[in-house]
Amino acid sequence: MQAPSSPLTHRFLLAAREAEIEALRQLAVGCQQAILTGRLIHELQRERGISNVFLASGGECFARQHPEQVARSRVAEQAFRQGVADLVPGTGSAPAGMRLCNCIAAVLLQLEELDLLRAQVQQQQLEAATLTCWLSELIARLLAVIFELADSCGDPELTRALVATFNFIQGKEYAGQERAWGAIGFAAGRFEAEQLERLINLQDAQQRSFDTFTCYAEAEPLALWHELQAMPEQAELLRLRGMFSRLQPKDEVPMPLSELWYELATCRIDRMQQLEAHLEQRLLQKSRDKTAAAEAELRHHRQQLNTLIEAAAQRTAPVNLTPMAELLRSPGHEGGGLNDTVYDLLLTQARHLEQVQKELELARSALDERKQIERAKGLLMQFHGLSEEQAYRQMRQQAMQANIRLADLAARLIAACDGLGQS
């Protein structure tokens, strides 16, 4: 006779789906926070660009636009703060892990100093280069928040979407830094050697970020990206970019090019923001659709269980004694009344979890590579006393000389340091 499954078994079977739904709801909160973070990054990028021109012109240019942009940045900052309140462990719907909490704390601490910096800008008491470095550091910390949100995601499709979004925003930030440092050099009428090298590095960093974006993006945002690449302003910007590779340090450049450079770079970045908004909406829609699908599946499982319980009470059948391990290893197994028992639901969920895990490992490869690069960079900074930019530059040069990917070089450096530590 078939042994009836207990109510406790049924509860845990359904609890597996309920746990998945709760995780997806938390992911939806995380996706929303990634979007709020991206919007704050965009406003700070605009504030950085406007403030640089305001400072470089001695307050003659963008005198009206500067306070207007500061107001927009403050609105985005307030939305960011309200969003992270839901991530505090024990108080919100999506508790954050240790690394994410640490990233958010670092951002909030630096935001406390922002109004003081703005006052110095308004009073023309700050160098444009100092402002650019400070805001770039803040934006880098905000990007780390998005990275940690992606790294904690447990759904492969949402992970891919977050990886694409993160790398696109990262590339857009490098484009913003390129705009800022280019405007500083053109406004000064010359470029220092360090500025020229930084601009070349920023162009390379953009390419790497956008290459990763294209690997993970869906067809529609990819089409929008190709449209952006083909716009006339892009060709004009590339011509100005070409100057950087030909210039020698302290060569004179026409100062009026500062306004043209800023206009072209801003046009490109604004088009990027339109694409970023599209990525945000797709991310939100995916998180909602995933949750709705899981809820529908839970309702279906409840109906199946009720049907099985009613059927079991009305008839008898041979007991299915196939070992559970064998069933889990047999995706095509359909004999012995399996579909008439609770095992069918259990196997469906087990196979679903296995498939999710495989897809998640593939989706997380870009995140794992970035973590390796960051770790290798930190090791170079620690053992050779290099700055972050110097460490990255050295890794990039070594990777080019060895004709290997930066991630592969990072893996070799980590392995070499681990070997030294064990010897």
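Student: Is Phe186 buried or exposed?

Tutor: Burial is read from the relative accessible area, and a residue under 20% counts as buried. Phe186 has a relative accessible area of 0%, so Phe186 is buried. Keep in mind that this is a predicted model.

Student: Where does Phe186 sit, and which residues does Phe186 touch?

Tutor: Phe186 belongs to helix H6. Setting aside residues up to four places away in sequence, Phe186 touches Phe191, Met243, Phe244, Val253, Pro254, Met255, Leu257, Ser258 and Trp261. A C-alpha distance is another way to read a pairing along the chain. Phe186 and Tyr262 are 76 residues apart in sequence, and their C-alpha atoms are separated by 9.6 Å.

Student: Which residues does Ala363 touch?

Tutor: Begin with its place and its burial. Ala363 is in helix H12, and its relative accessibility is 2%, so Ala363 counts as buried. Residues up to four places away in sequence are left out of the count, and Ala363 then touches Pro156, Thr159, Arg160, Val163 and Tyr216. One of these, Pro156, is 207 residues from Ala363 in sequence, with 5.8 Å between the two C-alpha atoms.

Student: Leu345 is also in helix H12. How should I read Leu345: buried or exposed?

Tutor: Use the cut-off again: under 20% is buried. Leu345 has a relative accessible area of 3%, so Leu345 is buried. Beyond its neighbours within four places in sequence, Leu345 is in contact with Leu13, His301, Gln304 and Leu305. The C-alpha atoms of Leu345 and His301 lie 7.2 Å apart, with the two residues 44 places apart along the chain.

Student: What does the whole chain look like by the same measures?

Tutor: Totals put the single residues in context. The protein chain has 15 helices and 0 strands. Buried residues make up 45% of its 423 residues. Among contacts with a separation of 6 or more, 78% join residues 24 or more positions apart. The chain exposes about 21,200 Å², and carbon and sulfur atoms supply 54% of that area.

Student: How many disulfides are there?

Tutor: A disulfide is a covalent bond between the sulfur atoms of two cysteines. A search of the whole structure finds 0 disulfides. The accessibility of a cysteine is read separately. Cys215 has a relative accessible area of 64%, so Cys215 is exposed. Cys417, at 23% relative accessibility, counts as partly exposed.

Student: How do I read a positive phi, for example at Phe62?

Tutor: Look at the residue type together with its place in the chain. Phi of Phe62 is near 65°, a positive value in a residue other than glycine. Phe62 is in the loop between H1 and helix H2. At 22% relative accessibility, Phe62 counts as partly exposed. Lys250, which is not a glycine, has a positive phi of about 75°. Lys250 is placed in the loop between helix H9 and H10.

Student: Which helices supply the lining of the second largest pocket?

Tutor: H1, H3, H5, H6, H10 and H12 each supply at least two residues of that lining. The largest share, 9 residues, comes from H1.

Student: How many of the lining residues are nonpolar, polar and charged?

Tutor: The lining of the second largest pocket divides into 21 nonpolar, 7 polar and 10 charged residues.

Methods:
Residues are numbered from 1 along each chain as its sequence is written. This is a predicted model: local features need pLDDT of at least 70, side-chain atom pairs count only at pLDDT 80 or more; totals for chains, interfaces and linings use all residues. Side-chain values use heavy atoms; hydrogens and water are left out. Helices (H or I, at least four residues) and strands (E, at least two) are DSSP runs, numbered from the N terminus. Buried means under 20% relative accessible area, exposed over 50%, partly exposed in between (1.4 Å probe, protein chains only). Contact means heavy atoms within 4.5 Å. Ala, Val, Leu, Ile, Met, Phe, Trp, Tyr, Cys and Pro count as nonpolar, Asp, Glu, Lys and Arg as charged, and the others, Gly among them, as polar. A disulfide is a pair of cysteine sulfur atoms within 2.5 Å. Accessible areas come from the Shrake-Rupley method with a 1.4 Å probe; for residues, only the protein chains shown count as cover.
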